[in-house]
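Work through the exercises below with the sequence and the model at hand, and try each task before reading its solution.

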Amino acid sequence: MSTHYDNLETRSRDAREASLFECLRSQLGAACAAAPGLARHLEGVEPGAVTDRAALAKLPVLRKSALVEMQKAEPPFGGLTTRPAAAFEHVFQSPGPIYEPGVSSVADWWRFARALYAAGFRKGEIVHNSFAYHLTPAGVMLESGARALGCAVLAGGVGNTEAQATAAADIGASGYIGTPDFLKIMIEKAEELGRELKIARAWVSGGPLFPSLRQFYTDRGIPCLQGYATADLGSIAYETPAMEGMVVDEGVIVEIVRPGTGDPVPEGEVGEVLVTALNPDYPLIRFATGDLSAVLPGISPCGRTNMRIKGWMGRADQTTKVKGMFVRPEQVAEILARHPEIAKARLSVTREADQDRMTLAIEAAEPSADLAARVRETMQAVLKLKGEVEADLPGSLPNDGKVIDDLRKFD
């Protein structure tokens, strides 16, 4: 039995990049003609010119906050879909509120089969799906992926643990899909009821899989792998048995950028995850997830050759309020843009003697008092607030993706 879902997973980097960008160029032209919101967002972009990642990086970023406003102006999908709402099979609502379309008749429309296959799910299994089916799309998304593999699905949804544990035991479900902690709750409830679950593998998302929890499952003979996905985009990346980072899905283009900008960071540096989804019905381009991650070098020992990321490493939205004024990562990026000699910066906010204090730490090849003074002036002009500047050599700041670090304690 193959360890890979298909040949796409083992193609060369050059072949993958050529295929991804050929598909993107083709979709961009058609999408801008059919999706007025997308056409406005990408006004002036020539689809044929988006030939590689450097060209993609010149396109504007689509942020989730903008998505909310676009949907309010042009409900329900902000003019970003190539079909009218009634031509989809599902409409979902996520917090925001943000509305997402869905299609079940197209096999694996959200692209989860690949991730589930890597976790060992195969045709003929019964899979217990404990993701929510109410309003939010997770339940239907994962069911679509499992069914594409030929699995039968027990639509457990959330809550009512005793009923779910009983049903999984009654039908002999061998796979679990859901949040990381709910399987443990089910196992403990089944033991309390004197029932035996036959879960042999698990795929989880929607929360942190702590090492102790993974070990809990391992001790019971249940390999548990996790995936990274969003309601807007579907599957983005997934763990494989190699357990070295997450392999990016073959149907998306992932970029890691400096938070608050669309500028790619060097390999290994922590930044915000941007995703371009090659979905002709809902082609989100450079969609900012708000999550932090970093690219891992090399390819996975499992043989899959696509880019790997470290997985979820926190949130990129580091906006804070200082002296009644919002300070955003984009503003820190503007300060850097005005001083090309700065390689990296981090704004720390502290509170001393009942006063907010800002300190901008910068990295430069030639740090000096003169540079710090010039940056201090720019900082006041951009932020409309006074602060201190500390200049140091490259490598002095931690590689954690933080642009704004609010160290104040309010409790």
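**Backbone exercises**

Lys384 is exposed, with a relative accessible area of 57%, where exposed means over 50% relative accessible area, buried under 20% and partly exposed in between (1.4 Å probe, protein chains only). The model is predicted, so local features need pLDDT of at least 70, side-chain atom pairs count only at pLDDT 80 or more, and totals for chains, interfaces and linings use all residues. Residues are numbered from 1 along each chain as its sequence is written, and side-chain values use heavy atoms, with hydrogens and water left out.

**Exercise 1.** Find where Lys384 lies and what its phi is.

Solution. Begin with the location: Lys384 belongs to the loop between α11 (369–383) and β20 (388–392), where helices (H or I, at least four residues) and strands (E, at least two) are DSSP runs, numbered from the N terminus. Then read the backbone angle, and phi of Lys384 turns out to be near 60°, a positive value in a residue other than glycine.

**Exercise 2.** Decide whether Arg286 is buried or exposed, and describe its phi.

Solution. First locate Arg286 in the loop between β12 (271–277) and β13 (287–293). Next, note that its phi is positive, about 50°, although Arg286 is not a glycine. Finally, the relative accessible area of Arg286 is 0%, and the residue is therefore buried.

**Exercise 3.** Identify the kind of peptide bond that joins Pro75 and Pro76, and that which joins Gly96 and Pro97.

Solution. Between Pro75 and Pro76 the bond is cis, with omega about -5°, and Pro76 sits in the loop between α4 (64–73) and β2 (90–94). Gly96 and Pro97 are likewise joined by a cis peptide bond, with omega about -10°, and Pro97 is placed in the loop between β2 and β3 (98–102).
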